[in-house]
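Let's take a walk through this fold, one piece at a time. Have the viewer open as you read.

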Amino acid sequence: MRILPGKPYPLGATWDGMGVNFAIYSEGATRVELCFFPTLQSTKESHRIQIIERTDQVWHCYIPDARPGQLYGYRLDGPYSPKSGHRFNFYKVLSDPHAKLISRPPIWHPSLFSYKRSDIDIRFVSEEEILQIDPRDNAQYAPLSEVVDTSFTWGNDTQLGIPWSETIIYEVHVKNFTAKHPEIPDDLRGTFAGFGKEPVIRHLKELGVTAVELLPVHQHVDSQRLFSLGLTDYWGYNTLSYFAPDIRFARKGYLSEVVRDFKIMVKTLHNAGIEVILDVVYNHTCEDAYFGPNLSFRGIDNDRYYRLKPENQILYEDFTGTGNTLNMNNPRVLQLIMDSLRYWITEMHVDGFRFDLASTLARELYAVNALGAFFDIIHQDPVISQVKLIAEPWDLGEGGYQVGNFPVLWTEWNGKYRDSMRKFWRGDSHILSETATRFAGSSDLYESSGKRPSASINFITCHDGFTLQDLVSYETKHNERNLENGHDGWNESIISNFGVEGPTDKKEILEIRERIKRNMIATLLLSQGVPMISGGDELSRTQHGNNNSYCQDNELNYYRWALKEEEEDFLKFVQSLVSFRKSNGVLKRRYFFQGRPIRGTSVKDILWLTSAGREMTDEEWNSGDVKWLGILLPLEEVAETDPYGETIQGTTLLILINSSDREILFSIPSYSENTHWMRIFDTWNPKFDEAEHFIIHEEGYTLRPRSIAVFKNCNPSRDVPLCKTNQS
């Protein structure tokens, strides 16, 4: 086999149409061999090629006779000294950190570990055991990388660049959506190819969302603990490769086509006007804690890729609860992440990223540093800085809760929004003021740093926690199927089951549960900021009280498409709300409210009203007994344009909210001469489109317990024929 020196860049296996360049970074290795495997079933390599060339700590060679489809791995020799942070073991085949496809994930076996181990069950491992190097060859069980031809006919496709103020996100797991969809062919369910099919596109378009945020699609590995329990890392937050799409989403029998399938899915979604955002996990890897296996990074350069405890380098710093943390102090680790991000943007055409436990990425030393190198590099990168960047602004380390502290360019999952809205609709006292702040875009968190309301990704539920249906049906988590004795998942749901834990036939409980669901989704879509809908909530999906279904690859997570009448009503209600938001510019303003008169007039850009129809006083804001509020959003005098420079479309809106257990009579404000208000919807009515429209004047409006009503300022001569003129 011909072997040429090759180049140190780009890292990974790069097919140039004539041969393949192989390059791998390792600072501590003393010898590197490239191993070729003939098939996925191979128990040993067919060729072992010693790489001689080394440039700037990158080992590289060029193989003119290699082609796409070639399976490969690496063996690296060097010191095996765990106390000094080194875990080199030449007996172990390792996957390429820059591999664009992992065709064979690791097959769990004791030989995958660098130290002597008799089984793979999770158990206590002493430091003395880890000091004993394991001489068994793992080639039969090791993960295998594959050379990929990345060429693809994109045509005119590119990132959509939908403005943040126009964005509505739908968080979704590829398999959840399609696993039981009756219109998706059996062989495509749970695949990228299936997610790009017309029934999926139709549902997303009818729902009205503008972006899908896919739970992790990078190649992952089921942890040894879950494997021993017969469970899986179903959500995928256990990454092996940051470049390779997960082959579990490949069509059966077409593993090598998974890269192409992903691109076709993206292109199809783009053609439908839907962006693709990836949930990415750059804070830790699948190699677990100090006792974990040598699959890739640990065996290539353990003390360079991971943060080790200075006082004992056998052990790892763990800010994620997963056993390890990537070392952001190493420029090569930063390069790995930046190369990965650019690859998914330039080669895979994704529109943005949501960074899991993003506070970990800011830990240069121990504390979180929002001005760390990771953010500096992203901000100056001409490619990465131009896509959507979303932070999950917390981790499990000290000082890890960083909502509101991420730098410019970044939006954040606003956990404070989630918590305040749940408390408000639970009927908590002393929450009205914060609820109003969150409703108006959380200016207290973002305005001082020069950000806009779109910095706040608003959500009520997400993959992590109860579904919306379960949020109103359970007060206690029911995670028995996870086999962790109930220790996993949130212990505080911040909501009520309204009298019965779980399913019930009691009509009054079912009615209030449905109404609270309508209230929550209405609040989400009426708030300033970027709304995120947790996929399946619109279908009233239940996980039967499991609030941490990360390991359940079964019906507990899959969407159920045969809907009951009340579930169909709720789906239509959500669709109507999304449409209403998109057609009313006052709900998606690009700048924060100032709460002062517009253009010198007596009209303010937002008015917070008591039930008497006058502005709230400080005393009323601070009263724990007040659980209702009127919100006037004027449009006609607003000197703001949409992202395209056009005048904001829509009309002035009046929003009345009541989280108390009693009816509240609202006096209606006189917004302008001959003011008339037409009701758009009231959440007391389960059917948005069939809500009985009517005009109200000065007589007021009785808002029923735990309800929202929305009105628009109307022209009587035009709108009265469509309405009744008295409240029914």
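What follows goes from a sheet to the cores and then to some helices.

A quick word on ground rules: this is a predicted model, where local features need pLDDT of at least 70 and side-chain atom pairs count only at pLDDT 80 or more, while totals for chains, interfaces and linings use all residues. Numbering starts from 1 along each chain as its sequence is written, and side-chain values use heavy atoms, with hydrogens and water left out.

Start with an open sheet of 4 strands, ordered β1-β2-β6-β5 with antiparallel pairing (strands are DSSP E runs of at least two residues, numbered from the N terminus; two of them pair if DSSP finds at least two bridges between them). Its edges are β1 (12-15) and β5 (53-55), each pairing on one side only. From one strand to the next, the twist averages 25°. β1 joins β2 (residues 20-25) over 4 bridges, and Trp15 has Val20 in β2 as its bridge partner.

Now for the greasy part. The largest nonpolar core has 194 residues, and Phe22, Phe353 and Phe355 touch the most other members. Such a core is a set of buried Ala, Val, Leu, Ile, Met, Phe, Trp, Tyr and Cys residues joined through side-chain atoms within 4.5 Å, buried being under 20% relative accessible area with a 1.4 Å probe, protein chains only. Another core, of 18 residues, lies apart from it and includes Trp413 and Leu445.

Finally, look at helix α7 (residues 297-305): 9 of its 9 residues are buried, so this helix is largely enclosed by the rest of the structure (helices are DSSP H or I runs of at least four residues). Among those buried residues are Arg298, Asp301, Asp303 and Arg304.

Technical notes:
Buried < 20%, exposed > 50% of the residue type's maximum accessible area, 1.4 Å probe, protein only. Axes fitted to C-alpha atoms, helices over the stretch in contact; angles between N-to-C directions.
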